[in-house]
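Trainee: I have a new model open. Walk me through it, please.

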Amino acid sequence: MPQLLVCDIDNTLTGSDICIRAFTRWHKREAALDFAVATGRSLHSALSILEQQNAPNPKVIISSVGTEIYFLQDNGVTYRRDDDWSRLIARGWNRQAIADAMEDIAAIVPQAPLEQRKYKLSYFAEGDTTVAARIRSNLRARGLAASVIHSHGRYLDILPVRASKGAAITYIRKLRALSEDAVFVAGDSGNDIEMLRTFPQSIIVANYSDALASRSDLAHSYVARRSHALGVIEGVAHFRQRASRPTLQ
Ligand SMILES: [Mg+2]
């Protein structure tokens with residue numbers, strides 16, 4: 001039965017050369033397991049880090065915090081964007097009006113042009129814990145719908161309400177007619193919480209941050225003993241073993 005593994009990139013898939021080499025060898029033997037990544041990076045930034053780290057080519061790249069989905073083409077090299085997904089998340093998204101509203105917010109700095117996407121506005125907001133709440137109320141007052149995500153106390157992303165890593169994975173799962181128990185997701189930090197919460201077979205690698213392992217909404221997750229990509233392999237093995245165990249009557 002086909003299965004889908006979706007990994008966050010930074011510090012989940014990457015972060016250790018030894019782990020990624022083991023992952024690449026393991027991945028070669030896993031013909032029925034489709035490998036995908038879900039990241040806050042843009043497509044080009046994701047491709048460049050994957051190449052730099054000698055990671056296998058994912059079948060699917062969910063980039064820019066779930067606002068873009070790319071499928072690997074049959075040539076095994078190039079990726080094509082899924083425009084149906086773009087159309088789906090575009091509903092209710094008014095990028096220009098949101099950009100205008102952001103001019104009212106003090107002490108935020110736009111990120112590099114490459115990080116500004118059709119369905120994502122990105123800023124730096126250093127050390128201000130109330131910034132997300134202020135932006136949400138500002139947008140609400142203007143009747144604008146958007147998700148506001150502040151991560152690592154520094155990065156600020158504004159996205160369409162329908163877009164997230166988890167929503168993008170659910171979209172792919174349905175396209176491929178996979179059940180929820182054919183999907184594994186793996187992450188390490190705060191920007192993976194929504195994705196880890198959405199799926200029953202979720203893996204937290206040992207080198208996690210943002211206190212993921214003590215969150216009650218992630219109590220169903222498997223916390224690996226191993227770090228980085230080796231933790232991902234361990235997590236997949238854990239859930240497979242559990243699924244093959246006979247249930248007690
Ligand atoms: Mg990460």
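Mentor: Terms first. A residue counts as buried under 20% relative accessible area, as exposed over 50%, and as partly exposed in between (1.4 Å probe, protein chains only).

Trainee: Noted. What kind of model is this?

Mentor: This is a predicted model, where local features need pLDDT of at least 70, side-chain atom pairs count only at pLDDT 80 or more, and totals for chains, interfaces and linings use all residues. Residues are numbered from 1 along each chain as its sequence is written, and side-chain values use heavy atoms, with hydrogens and water left out.

Trainee: Domains next. What does the domain assignment give?

Mentor: Domain 1 is 3-87 + 163-244, and domain 2 is 92-159. Those bounds come from an automatic or database domain assignment. The centres of domain 1 and domain 2, taken over C-alpha atoms, are separated by 26 Å.

Trainee: How many residues are in contact there?

Mentor: On the domain 1 side 12 residues, on the domain 2 side 10. Contact means heavy atoms within 4.5 Å. Between them the two domains bury about 950 Å², with 55% of it on carbon and sulfur atoms. Buried area is the accessible area (1.4 Å probe) that two parts lose on being put together, summed over both.

Trainee: Which residues in domain 1 lose the most area to domain 2?

Mentor: Ser42, Val65 and Thr67, together 38% of what that side buries.

Trainee: How many salt bridges between domain 1 and domain 2?

Mentor: One. The cut-off is a side-chain nitrogen of Lys or Arg within 4 Å of a carboxyl oxygen of Asp or Glu. For scale, the structure holds 16 salt bridges. Glu68 and Arg117 are another pair to look at: their side chains meet in a salt bridge at 2.8 Å, N to O.

Trainee: Let's change topic. Which residues of helix H6 are buried?

Mentor: In H6, residues 131-141, these are Val131, Ala132, Ile135, Asn138 and Leu139. They cover an arc of only 130 degrees around the axis, so they sit on the same side of H6. The arc is that of the directions from the helix axis to the C-beta atoms. Helices (H or I, at least four residues) and strands (E, at least two) are DSSP runs, numbered from the N terminus.

Trainee: Which residues are exposed on the other side of H6?

Mentor: Arg140 and Ala141. The cover over the buried residues of H6 includes helix H5 (95-102), strand E8 (147-151) and strand E9 (155-159). Check Gly143 too: just after H6, Gly143 takes a positive phi of about 70 degrees.

Trainee: Now H3. Which residues are buried in this helix?

Mentor: H3 spans residues 43-52, with Leu43, Ser45, Ala46, Ile49 and Leu50 buried. Their arc around the axis is only 165 degrees, which puts them on the same side of H3. On the other side of H3, His44, Glu51 and Gln52 are exposed.

Trainee: What covers the buried residues of H3?

Mentor: The cover includes helix H1 (9-13) and strands E2 (33-38), E3 (60-63) and E4 (68-72). Asn54 follows H3 with a positive phi, near 55 degrees.

Trainee: Back to salt bridges. What does Asp34 pair with?

Mentor: Lys59, with the closest N and O atoms 2.8 Å apart. The pair links distant parts of the chain: Asp34 is in strand E2, Lys59 is in the loop between H3 and E3, and they are 25 residues apart.

Trainee: Is Asp34 buried or exposed?

Mentor: Buried, with a relative accessible area of 16%. Lys59 counts as partly exposed, at 38% relative accessibility.

Trainee: What about Asp84 and its salt bridge?

Mentor: Asp84 pairs with Arg87, the closest N and O atoms being 2.7 Å apart. The two are three residues apart in helix H4 (residues 83-90), so about one helical turn separates them. Asp84 counts as partly exposed at 44% relative accessibility, and Arg87 as exposed at 54%.

Trainee: Which residue forms a salt bridge with Arg154?

Mentor: Glu126, at 3.1 Å between the closest N and O atoms. Arg154 lies in the loop between E8 and E9, and Glu126 in the loop between strand E7 (121-124) and H6, so the pair ties together parts 28 residues apart in sequence. Arg154 counts as partly exposed at 29% relative accessibility. Glu126 counts as exposed at 54%.
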